[in-house]
Amino acid sequence: MMRLIVFISALFLSGYVTAQDYDLLLKGGHVIDPKNRINRVIDVAIKDGKIAAVAPKIDTKKAAEVVDVSGLYVMPGLIDIHGHVFAGTAAFGALSNGFSSLSPDGFTFRVGVTTIVDAGGPGGKEFLVFKRNIIDRSRTRVLSFLNISRAGMYGDEYSDEQQNVNYMDPKVAAEMALQHKEHIVGFKVAHFHKPDFVAVDRVVEAGKLAGLPVMIDFGGSKPRLSLEELLMRKLRPGDIFTHTYGELLETKESIVDVETKTLKPYVLAARERGIIFDVGHGGGSFRYTQALPATKAGLFPHTISTDLHTGSMNGAMKDMLNVMSKFLALGMPLEDVIQASTWKPAQVINRTELGHLSVGAIADVTVLNLRKGKFGFFDVNRDKMVGTQKLECELTLKDGKPVYDTNGIMIPTALTK
């Protein structure tokens, strides 16, 4: 035994056996990391769940495992800031502990998403249930926009739980957020159909008390409320207007004038004053009648998100990569699409430890393939445009570990014909 110990020690001293500098090396991929202004072929090395090096031609001998990602795009893990993942078995419920919501791990990693923000499923009454059942049990990083209604999105959108302003207490919501800073990134109001700004005012007040942004799902009231009033006077810089390209013809005042087909002038002014425009595609909130004129006028989204739920994933939305591909088809540059799905949402929700590949950062990494061809992308009204590029997930790493590998690029070939 002593001879064996001496022999192994001699090997280490002589350099024949060395500890690896890196656990994993992604070799030869085209890295897009908007925060660090990287958009070129370069290697990425990972150690102990963190980014250890981003440099050209990293020595493969320094890594315990090397994965060839040449011809693919490497980027930070995608961040979807508008999903519905408060899945459960409630006998009656919509997006709060109901069957319309989805368990996150089944619908995130396969499309490169490593962080998803539930947009208003739970309110203060059920947040601890959400934390115990979803946040604590998911491999996906799950965060929350807390619903200003303490009941959350319970029942259909006309239910008392979502319409009763007595459930909307800014102080109670802010206290819950401050108690759970690790998980709650802001507040949400949605599905409020009364023709006044009470719900908006209360959610903004909660945001002020907790020092957090708010996300607004606006529209649906009869008579219509003024979108200009919301964007120019009610919301603060950093607050989020979701369903940017949605259009409810009877009730919603949309960003594009449906008669002139031009972007309303105050919308760009709202962007200048710091309002965040989020996609929130959903099952009924993305129409080309809005998106085509708006993007032609220069209004591309700050953040790309899905509004993930059973209705949207089986309809026009499908998944995060499909929404990103739609914006490629609309003329948004690839680097901007990646920024709107990584670094910008990280900034919007004040989680700047995410969304980039800086040395020392959490090693959430997404590897995508950009297919060329002819692809159809349709909206919630079943209007379709054809694109020539489509993003597909090849590999997803969460904290440096593989959580989805489409073609087994991290698995050695063992079987041959």
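# Cavities, a pocket and salt bridges in a predicted model

Modeller: The largest cavity has a volume of about 120 Å³. Keep in mind that this is a predicted model.

Biologist: How many cavities of 30 Å³ or more does the structure hold?

Modeller: The structure holds 4 of them.

Biologist: Which residues lie nearest the centre of the largest cavity?

Modeller: Phe 192, Val 200, Phe 218, Gly 219 and Leu 225 lie nearest the centre, out of 14 lining residues. By class, the lining of the largest cavity consists of 9 nonpolar, 2 polar and 3 charged residues.

Biologist: What is the volume of the second largest cavity, and which residues line it?

Modeller: The second largest cavity holds about 60 Å³ of space. Its lining includes Pro 76, Gly 77 and Ile 79, the pair Thr 114 and Thr 115, and Glu 353, Leu 354, Gly 355 and His 356. Ile 362 and Asp 364 also line this cavity. The classes here are 4 nonpolar, 5 polar and 2 charged. Gly counts as polar in this scheme.

Biologist: Now the pockets. How much space lies in the second largest pocket?

Modeller: A pocket is an open set of points, whereas a cavity is one that the probe cannot get out of. In this model the second largest pocket contains about 420 Å³ of space. It is lined by 28 residues, and those closest to its centre are Arg 110, Val 111, Asp 319, Leu 321 and Asn 322.

Biologist: Which elements give two or more residues to that lining?

Modeller: They are strand S9 (113–119), helix H10 (320–329), strand S17 (365–378) and strand S18 (384–398). S18 gives the largest share, 5 residues. The lining of the second largest pocket divides into 15 nonpolar, 6 polar and 7 charged residues.

Biologist: Next, charged pairs. How should I read a salt bridge, and how many are there?

Modeller: Side chains of opposite charge can pair when their charged atoms come close. The cut-off used is 4 Å from a side-chain nitrogen of Lys or Arg to a carboxyl oxygen of Asp or Glu. By this rule the model has 11 salt bridges. One of them joins Lys 47 and Asp 23, at 3.6 Å from N to O. Lys 47 belongs to strand S4 (residues 43–47) and Asp 23 to the loop between helix H1 (2–14) and strand S1 (24–27), so this pair ties together parts 24 residues apart in sequence.

Biologist: What separates the side chains of Lys 27 and Asp 43?

Modeller: They meet in a salt bridge of 2.6 Å, N to O. Lys 27 lies in strand S1 and Asp 43 in strand S4, so the pair links parts that are 16 residues apart in sequence. Lys 27 is partly exposed at 22% relative accessibility. Asp 43 has a relative accessible area of 3%, and because buried means under 20%, Asp 43 is buried.

Biologist: Where do the partners Asp 201 and Lys 234 lie?

Modeller: Their side chains form a salt bridge of 3.1 Å, N to O. Asp 201 is in helix H5 (residues 198–210) and Lys 234 in helix H6 (residues 227–234), so the pair ties together parts that are 33 residues apart in sequence. Asp 201 is partly exposed, with a relative accessible area of 37%, and Lys 234 is partly exposed at 23%.

Conventions
Residues numbered from 1 in each chain as written. Predicted model: local features only at pLDDT ≥ 70, side-chain atom pairs only at ≥ 80, totals over all residues. Heavy atoms only, no water. 1 Å grid on protein atoms, 1.4 Å probe; cavity = no way out; pocket = protein on both sides within 12 Å on 5 of 7 lines; lining within 4 Å. Points joined across faces, edges and corners; volume = space filled by probe spheres on them. Helix = DSSP H or I, 4+ residues; strand = E, 2+ residues; numbered from the N terminus. Buried < 20%, exposed > 50% of the residue type's maximum accessible area, 1.4 Å probe, protein only.
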